[in-house]
Amino acid sequence: MDRIRIRGGNQLSGTIPISGAKNAALPLMIASLLTDKTLTLRNVPRLADVNLLLRIIRNHGADMSMDGKRAGGDTLAGETVHLTAAEIVDTVAPYQLVSKMRASFWVLGPLLGRCHEARVSLPGGCAIGTRPVDLYLMALEKLGAGISLDGGYVVAKAPGGLVGNRIVFPKVSVGATHTALMAAVLAKGETVIENAAREPEVADVAECLVKMGARIEGIGSSTLTISGVDRLHGATHDVLPDRIETGTYAIAAAMTGGDVLLKGARPDQLDAFQQVMREAGIDIKACDEGMRIKRNGSRLLPISVETRPYPGFPTDLQAQLMGLMTKADGVSTIRETIFENRFMHVQELARLGADITLQGDTALVKGVDRLVGAEVMATDLRASVSLVIAGLVAEGDTILNRVYHLDRGFETLETKLANCGADVERLSD
Ligand code: EPZ
């Protein structure tokens, strides 16, 4: 099993290209199941989760091809993927595949919309809380689906097709919004989704669906109005840049006291994050090419933050921010309000010398003068990268085990960091 070795102490300086967003690429690929024509996605990141989802949608009957290398092409640029689900041959998404990644559960929406039936295993994914699916099922029932649970599978049926309705989510859910949206585009009549997730990845999927012929109003807001159409057609869509990868490298640059350009980043999608970084004393700015981060010798100030649905501070950057605050000059307060078990990184950061106390959903992070390298374990995707961030300033070597968690969501992480001066390498057994 691969491990990553980091020797702390080097400042990061240079340019890091930002990849396509994992959390947009996955639902966009799933949207290809809604049409018998070809959906071409550009800027798809090379990630383990993308490969796994390709297996899942191919199992439903989608053909897939990828553009090959081009002479003079940028090796860090994303892939172009063509997906054609001319015929859905199987409406079952099996346990062996779905249990590995929660987003694969989202095939439920398009399968039900297009084929009027689906049998999808209850999901798995990162161990960050109980992560129920009640909101998904409520939304699909509102659209007229009959839902039952059978042997660990959700069985959904709408023999006459789905019918538009008003769906009011009691809580913001990214996945339930994706699922309701993808189900509603082929439903008869109008659907209104209230308290929809406003995450940029949801808007990206909605924009792609519009290119495919869907009729959606209110994109980017918390009320989505969808007028169902009989069929969708093919389209070409660029996956938006990954705001979580952007925030992660911004934090890494801030941690090492460097100067880094995040090329292709979309700072407009990171307002709450930038505000917190400025409070911490970091020079962070939008620029023509993306976003620029500097911290030359200034003190790292403690912050107080809580995670919130977009446009609030993202839960997917909570672990990384905590990594940064382990070196701040004072005590930071970080409250996690989205997932109840997203503090698995705390005990691993402690191995490096961090001083963190948990009080329910809140972590009190007391900055320390030194972190010292140690052997640590990746527990989930974002937790694992917080250990990389801490390792970048820890004295000596940090060895990160279970790197497969990182590979789910960070494309060529060690190359991107090494290109900016970090002493980091992958150790393959
Ligand atoms: C998406 O997960 C992301 N995954 C997560 O990123 C991200 O952390 C999360 O949204 C929040 O931003 C992808 O986009 C692939 P939710 P999702 O439904 O959709 C509760 C990463 O590291 N809830 O918005 O699964 C739920 O338990 C991953 O890239 C219900 O109660 O998250 C949580 O408390 C991890 N009932 C809250 O809603 C439901 O039916 C928000 O979860 C569904 C969710």
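This is a predicted model: local features need pLDDT of at least 70, side-chain atom pairs count only at pLDDT 80 or more; totals for chains, interfaces and linings use all residues.
Me: OK. Which residue of β21 stands opposite Thr333?
Reply: Leu364 of β21 stands opposite Thr333.

Me: What joins β20 to β21?
Reply: 5 bridges join β20 (residues 355–359) to β21 (residues 362–366), and these strands run antiparallel. Among the bridge partners, Leu358 goes with Ala363, and Asp355 goes with Lys366.

Me: How many residues sit between the strands in the hairpin of β20 and β21?
Reply: There are 2 residues between them, and Gly360 in this hairpin takes a positive phi near 65 degrees.

Me: What about His116, what is its phi?
Reply: His116 has a positive phi of about 70 degrees, although His116 is not a glycine. His116 is found in the loop between α4 (108–115) and β7 (117–121).

Me: Peptide bonds next. Is the one from Tyr310 to Pro311 cis or trans?
Reply: That bond is cis, with omega near 15 degrees. Pro311 belongs to the loop between β18 (304–306) and α10 (318–325).

Me: Switching to the ligand. Which of the 24 residues around the ligand come nearest?
Reply: Asp134, Ser173, Asp316, Ile338 and Arg382 do.

Me: What does Ser173 put 2.6 Å from an oxygen atom of the ligand?
Reply: An N or O atom in the Ser173 side chain lies at that distance from the oxygen. Ile338 uses its backbone: a polar backbone atom there is 2.5 Å from an oxygen atom of the ligand. Arg102 has a polar side-chain atom 2.9 Å from an oxygen atom of the ligand.

Me: How much of the ligand's accessible area does the protein cover?
Reply: The ligand has 830 Å² of accessible area on its own, and the protein covers 92% of it.

Me: Which helices each supply at least two residues of the shell around the ligand?
Reply: Those are α1 (22–31), α5 (134–142), α6 (174–184) and α12 (381–391). Of these, α5 gives the most, with 3 residues.

Me: And how does the shell divide by class?
Reply: The shell around the ligand has 12 nonpolar, 8 charged and 4 polar residues.

Me: α6 came up there. Which strands does α6 touch?
Reply: Start with the sheet. It is an open sheet of 4 strands in the order β10-β11-β13-β12, with mixed pairing. Its edge strands are β10 (166–168) and β12 (215–217), each of which pairs on one side only. From one strand to the next the twist averages 15 degrees. Helix α6 packs on this sheet and touches β10, β11, β12 and β13, and its direction makes about 20 degrees with that of β13.

Me: How do β11 and β13 run?
Reply: β11 (residues 190–194) and β13 (residues 223–227) run antiparallel, and 5 bridges join them. Val192 stands opposite Thr225 of β13.

Me: Do β2 and β15 run parallel or antiparallel?
Reply: β2 and β15 (residues 259–263) run parallel, joined by 5 bridges. Ile16 has Leu262 of β15 as its bridge partner.

Me: And β16 with β17, parallel or antiparallel?
Reply: β16 and β17 run antiparallel, with 5 bridges joining them. The two form a hairpin with 2 residues between them, and Ala286 stands opposite Met291 of β17.

Conventions. Residues are numbered from 1 along each chain as its sequence is written. Side-chain values use heavy atoms; hydrogens and water are left out. Two strands pair if DSSP finds at least two bridges between them. A residue is near a molecule or strand if one of its heavy atoms lies within 4 Å of it. A polar contact is a pair of N or O atoms within 3.5 Å; within protein, one must be able to donate a hydrogen and the other to accept it, and residues adjacent in sequence count only if both atoms are side-chain atoms. Accessible areas come from the Shrake-Rupley method with a 1.4 Å probe; for residues, only the protein chains shown count as cover. Ala, Val, Leu, Ile, Met, Phe, Trp, Tyr, Cys and Pro count as nonpolar, Asp, Glu, Lys and Arg as charged, and the others, Gly among them, as polar. Axes are lines fitted to C-alpha atoms, for helices over the stretch in contact, and angles run from 0 to 180 degrees between N-to-C directions. Contact means heavy atoms within 4.5 Å.
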